[in-house]
Amino acid sequence: MTGLSVRYDVVIVGGGPAGMSAAIGALEAGADRLLIVDREIEVGGILNQCIHNGFGLHHFGEELTGPEYASRLLEELVGHEIDIATDSYVLDVDALRTVTIASPSTGITRVQAGAVVLAMGARERTRGAIRIPGTRPAGVMTAGLAQKFVNQLGYLPGRRAVILGSGDIGLIMARRLALEDIEVPGVFELMPHANGLTRNIVQCLHDFDIPLHLSTTVVGIEGRDRVEAVTVAPVDDQLQPDLSRTERIECDTLLVSIGLIPENELSAKLGLRLDPTTGGPIVSSTMETSRDGVFAAGNVVHIHDLVDFVSEEALLAGRCAGEFATGSARPADNIHLVPGANVASIVPHTISSDREHTVYLRVRRSMERSWLRLGDVYEKRLRYVVPAEMVSLKVRPRFLEHFHGDSLRIDIEPRDEQGDE
Ligand SMILES: Cc1cc2nc3c(=O)[nH]c(=O)nc-3n(C[C@H](O)[C@H](O)[C@H](O)COP(=O)(O)OP(=O)(O)OC[C@H]3O[C@@H](n4cnc5c(N)ncnc54)[C@H](O)[C@@H]3O)c2cc1C
């Protein structure tokens with residue numbers, strides 16, 4: 001990293017799809033002095049290790065691999081005068097939007113930002129987060145780390161791998177290992193439902209004859225230097241394992257795919273208000289956090305299942321950050337969105353009645369045929385909702401023409417009658 005300016009219109013922390021899309025948005029808004037900072041040696045974020053296809057159907061209208069998606073975004077930035085500082089770590093963002101960056105080549109640098117976009121993504125939960133009993137041998141790792149080994153570094157993690165957790169990363173790695181001739185005796189899931197996208201269950205497990213065991217977890221790990229076996233057990237409705245019905249499975253690898261944690265250490269240090277359900281900052285309809293001029297987008301705000309929605313959200317955050325930095329008037333929100341029946345989380349947390357918004361929800365439990373109700377101003381039929389798939393809702397100004405309150409509840413409730421969706 002050389003030659004950073006002292007002042008930028010917008011500084012973007014993280015150069016994954018959210019960071020790059022935010023930069024595109026900021027350019028659209030007329031901000032032209034931009035800096036993207038990423039701790040890796042190249043931008044692209046998690047997409048660089050996702051060599052499977054399935055990215056971009058909504059945003060680019062075609063099916064791309066992760067690296068292809070990332071390079072499409074990068075191409076949109078080429079030709080603009082943007083500074084990209086890779087191998088550079090943002091240590092701190094303060095309330096005056098001074099950003100402190102550490103890099104092996106230049107040491108510590110401080111830059112002043114007109115607006116900041118936080119786009120730090122998420123990290124994986126590890127074995128320690130769920131305290132699996134047993135020894136601590138080599139061969140226990142997160143599914144994302146195994147993906148990096150196989151796809152980027154050219155190492156196989158083992159020869160026979162059990163996967164704990166049916167989130168998308170676990171499912172994708174089950175198929176990836178099978179393609180490398182690594183045996184996958186099963187994917188084990190604590191919950192009574194799978195946690196990944198339906199398309200990944202079909203394409204990664206069913207198509208490769210890999211069994212999925214629901215309501216089952218790993219209760220022990222054996223092995224001194226290297227994993228030799230794991231013990232699995234079914235769980236009851238309270239998610240407590242039944243240790244009288246265990247099964248021992250020989251393997252040399254255990255991949256854990258048990259969820260992602262939004263990477264919000266910088267946000268917490270900055271004193272941003274965080275949503276305990278999403279783990280990310282509370283944001284307005286412009287993706288602005290509780291600090292003026294600090295915006296956020298992507299997995300750092302809430303875990304997305306599709307990168308296309310990350311891009312949409314980050315384009316908005318970038319545009320609004322660009323407008324903030326160049327002095328445009330900021331639209332104000334007047335309605336709080338409140339999670340109601342079967343709604344775990346809602347992003348953004350507030351909206352305004354005079355503009356159209358895309359609102360993203362997560363449900364608590366699966367439901368076939370339901371009503372999505374926005375207070376008593378709007379309702380729509382949903383065919384099928386599952387916790388693993390985000391629900392999106394377009395809130396249009398006409399829904400709110402006759403609404404005069406300051407908060408609206410969103411409920412997802414069972415629908416009895418049959419009928420067209
Ligand atoms: C294994 C896997 C498979 C997936 N498969 C699909 C799929 O098939 N289809 C699909 O649409 N989506 C898929 N996704 C989801 C998609 O990749 C994510 O939604 C998307 O990458 C999130 O983008 P992001 O920019 O928010 O975060 P990230 O991609 O994680 O980028 C965050 C960036 O911030 C940087 N950073 C963090 N902290 C700092 C700091 N302090 N200083 C500097 N830099 C920092 C990181 O280095 C990283 O580059 C998959 C994800 C994974 C993990």
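This report walks through the domains, the ligand surroundings, and the sheets and helices of the protein shown above. Please keep in mind that the model is predicted.

The domain assignment gives domain 1 (7-123 + 261-325), domain 2 (126-258) and domain 3 (335-414). The centres of domain 1 and domain 2, taken over C-alpha atoms, are separated by 31 Å. Five residues from domain 1 and seven residues from domain 2 make the contact. On the side of domain 1 that touches domain 2, one residue is nonpolar, three are polar and one is charged.

Where does the ligand lie? Domain 1 and domain 2 both give residues to the shell around the ligand, so it lies between them. The ligand is surrounded by 39 residues, and the closest are Gly14, Gly16, Gly45, Gly121 and Gly298. By class, the shell around the ligand holds 20 nonpolar, 13 polar and six charged residues. At least two residues of this shell come from each of helix H1 (17-28), strand E3 (53-55), strand E6 (89-93), H4, H5 and helix H8 (307-325).

## Two helices that meet

H4 and H5 deserve a visit of their own. Two packed helices are described by the angle between their axes and the distance between the axes. Helix H4 (residues 143-153) packs against helix H5 (residues 168-179) at an angle of about 35 degrees, and their axes are 9 Å apart. The crossing of these two helices, H4 and H5, is left-handed. On the H4 side, the contact is made by Ala143, Gly144, Ala146, Gln147 and Val150, while H5 brings Ile169, Gly170, Met173 and Arg176. Sorted by class, the contact of H4 with H5 has five nonpolar, three polar and one charged residues.

## The sheet beside these helices

Next comes an open sheet of five strands, in the order E10-E17-E11-E12-E13, with parallel pairing. Strand E10 (140-142) and strand E13 (212-213) are its edge strands, each pairing on one side only. E10 runs parallel to strand E17 (residues 253-256), and three bridges join them. If you look along this pair, Met141 stands opposite Leu255 in E17.

Both helices from the previous section meet strands here. H4 packs on the sheet and touches E10, strand E11 (160-164) and E17; the direction of H4 makes about 90 degrees with that of E10. H5 lies across E11, strand E12 (183-188) and E17, running at about 170 degrees to E12.

## An antiparallel sheet of three strands

Another open sheet has three strands in the order E14-E15-E16, with antiparallel pairing. Its edge strands are strand E14 (216-222) and strand E16 (247-250), and each pairs on one side only. From one strand to the next, the twist averages 30 degrees. Strand E15 (residues 229-234) is joined to E16 by four bridges, and the two run antiparallel. Within this stretch, Thr231 stands opposite Arg248 in E16.

## Strand pairs to trace yourself

Strands of a sheet pair through backbone hydrogen bonds, either parallel or antiparallel. Strand E1 (residues 7-13) and strand E8 (residues 107-118) run parallel and are joined by six bridges, and Arg7 stands opposite Gln112 in E8. Strand E7 (residues 98-103) also pairs with E8 over six bridges, but in the antiparallel sense. The bridge partner of Thr98 in E8 is Gln112. How many residues lie between E7 and E8 in their hairpin? There are three residues between E7 and E8. E8 is also joined to strand E19 (residues 294-296) by three bridges, running parallel, with Val117 opposite Phe295 in E19.

The table below lists some further pairs.

| Strand pair | Bridges | Sense |
|---|---|---|
| E20 (residues 335-339) and E22 (residues 350-351) | two bridges | antiparallel |
| E20 and E27 (residues 407-414) | four bridges | parallel |
| E21 (residues 343-347) and E23 (residues 357-363) | four bridges | antiparallel |
| E23 and E26 (residues 391-395) | five bridges | antiparallel |

In E22, Ile351 is the bridge partner of Ile335, and Val338 stands opposite Arg409 in E27. Val343 has Val363 of E23 as its bridge partner, while His357 stands opposite Val395 in E26.

Note on methods:
Residues numbered from 1 in each chain as written. Predicted model: local features only at pLDDT ≥ 70, side-chain atom pairs only at ≥ 80, totals over all residues. Axes fitted to C-alpha atoms, helices over the stretch in contact; angles between N-to-C directions. Left-handed = near helix turned anticlockwise from the far one by under 90°. Contact = placed C-beta atoms within 7 Å. Nonpolar A, V, L, I, M, F, W, Y, C, P; charged D, E, K, R; others polar. Near = placed C-beta within 6 Å. Domains from an automatic or database assignment. Pairing = 2+ DSSP bridges.
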